[in-house]
Amino acid sequence: MAPRLPLAIKLTRRTVARRDLFCELVQKITKPSQAEAAFAFHAFAFKADEHEFARELLSRRTELWLFRANQRAFCGDFLAVDMSNPRRAERRAYVIELKRGMPVRIGGGAVGLQLQNAGVAVRALARERGLLGDEATCVTVSGDGAEIIGMFTSARSAAEYA
C-alpha cells in the first residue's frame with residue numbers, strides 16, 4: 001500500500017540550494033518507513049529543469065511562497081502563493097506546470113490531466129496552512145520554465161494574468 005503523502009511541501013531558498021537539504025525535507029515532511037522512502041521521494045523529486053526553476057524563482061521573487069506539488073496527485077509541478085498582500089482573502093495562488101519549449105499559457109491549455117486536482121491542492125493550502133482565504137481559487141500557468149520566470153519577473157506582473 002502506498003503511503004499517504006501531502007499534496008505539496010513548502011520549498012525555501014535554503015532547501016533548493018542543495019539537493020541533500022531537499023532530500024532531508026522530503027524525509028522530514030513525509031516520515032516514510034524505510035520501505036516507503038523511495039515512493040515518497042519520487043513523489044516530490046525534481047525532474048529535468050524543475051530544480052533550477054525553483055531556485056531561480058525563489059531567488060528572484062522573495063514574496064512568493066513556493067510549494068513542490070506531489071507528482072502523483074495531478075496538481076501541477078508547483079504551487080505558488082503571492083504573500084505580498086497581508087490579507088489572506090486577497091492573495092493570489094498559482095499552479096505551475098512546466099513544459100519545456102512550450103509558450104506560456106494561462107488557464108492550463110494542453111496540460112489538463114496534470115492540473116486536474118489544482119483546485120483541490122490550493123484549497124488544501126488554504127485550509128491546512130491558512131495562507132489563503134476560504135474561497136481560494138488559482139490561476140494555472142503552463143509553459144517553459146524560463147518563460148514563466150520571465151512572466152513573474154517582468155514589468156507586467158503575474159497578477160495581471162489572473
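Is Cys23 buried, partly exposed or exposed? Cys23 has a relative accessibility of 35%, so this residue counts as partly exposed. The model is predicted.

**Cysteines**
- The structure contains zero disulfides.
- Cys138 has a relative accessibility of 26% and therefore counts as partly exposed.
- For Cys23, the class is partly exposed too, at 35%.

**Met102**
- Met102 lies in a loop that runs between β4 (92–98) and β5 (105–106).
- Because its relative accessibility is 14%, and buried means under 20%, Met102 counts as buried.
- Leaving aside residues up to four places away in sequence, Met102 is in contact with Ser142, Gly143, Asp144 and Glu147.
- For one of these contacts, Asp144, the C-alpha to C-alpha distance from Met102 is 5.2 Å, while the separation in sequence is 42 residues.

**Helices α4 and α6**
- Helix α4 spans residues 50–60 and helix α6 spans residues 145–153.
- Their axes come within 10 Å and cross at roughly 10°.
- Angles under 35 degrees count as roughly parallel, so α4 is roughly parallel to α6.
- On the α4 side, the residues in contact are Phe53, Glu56, Leu57 and Arg60.
- On the α6 side, they are Gly145, Ile148, Ile149, Phe152 and Thr153.
- Sorted by class, the contact of α4 with α6 comprises five nonpolar, two polar and two charged residues.

Key: Residues are numbered from 1 along each chain as its sequence is written. This is a predicted model: local features need pLDDT of at least 70, side-chain atom pairs count only at pLDDT 80 or more; totals for chains, interfaces and linings use all residues. Side-chain values use heavy atoms; hydrogens and water are left out. Helices (H or I, at least four residues) and strands (E, at least two) are DSSP runs, numbered from the N terminus. Buried means under 20% relative accessible area, exposed over 50%, partly exposed in between (1.4 Å probe, protein chains only). Contact means heavy atoms within 4.5 Å. Axes are lines fitted to C-alpha atoms, for helices over the stretch in contact, and angles run from 0 to 180 degrees between N-to-C directions. Angles under 35 degrees count as roughly parallel, over 145 as roughly antiparallel, 65 to 115 as roughly perpendicular and the rest as oblique. Ala, Val, Leu, Ile, Met, Phe, Trp, Tyr, Cys and Pro count as nonpolar, Asp, Glu, Lys and Arg as charged, and the others, Gly among them, as polar. A disulfide is a pair of cysteine sulfur atoms within 2.5 Å.
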